[in-house]
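Morning, everyone. I have one structure to walk through today. Please have a look at it first.

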Amino acid sequence: NRAATMISVLSTPEMTDQLARLLFQETTTLGVRIFHGERRVLARESMEIETQFGKVRVKYTENGTFSPEYEDCRKLAHERGVPLRAVIAEASQAFARHLRS
């Protein structure tokens, strides 16, 4: 029943030892768990759409899934002084409208 904080790090296999050393140096941890994973991705394309906040790149797949580019949305939210979720929602709606047209 101790309070705990979990830190997750994604990296290339070549960085494993360096990152483990960094965690030991910069935290109070006595152990690091290392898991090797595999990632599978769908083929995707990208297009730029216009939103009320500015242009946002959207990644999409042939099965209909899509995702506005996070960094584009983050930058526009910062520049316009609006919540990030508002920019993401607007980009998603704009892309959905594009699909229907």
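Which residues of helix 3 are buried? They are V87, E90, A91, A94, F95 and A96. Buried means under 20% relative accessible area, exposed means over 50%, and partly exposed is in between, with a 1.4 Å probe and protein chains only.

Some ground rules. This is a predicted model, where local features need pLDDT of at least 70, side-chain atom pairs count only at pLDDT 80 or more, and totals for chains, interfaces and linings use all residues. Residues are numbered from 1 along each chain as its sequence is written, and side-chain values use heavy atoms, with hydrogens and water left out.

Back to helix 3. Its buried residues pack against strand 1 (45-51), strand 2 (54-60), strand 3 (66-68) and helix 2 (70-80). Contact here means heavy atoms within 4.5 Å. Helix 3 covers residues 84-100, which is 17 residues. The expected span is 1.5 Å times one less than the number of residues.

Now the whole chain. There are three helices and three strands. Both are DSSP runs numbered from the N terminus: helices are H or I with at least four residues, strands are E with at least two. The order from the N terminus is α-β-β-β-α-α. The radius of gyration is 19 Å, well over the 13 Å from the globule rule for 101 residues, so the chain is more spread out than a compact globule. That radius is taken over C-alpha atoms, and the rule is 2.2 Å times the number of residues to the power 0.38. Along the principal axes, the C-alpha trace spans about 55 × 35 × 30 Å. Buried residues make up 21% of the 101.

Next, T65. Where is T65 found? In the loop between strand 2 and strand 3. T65 is partly exposed, at 42% relative accessible area. Beyond its neighbours within four places in sequence, T65 is in contact with L42, K59 and Y60.

Last, contacts along the sequence.
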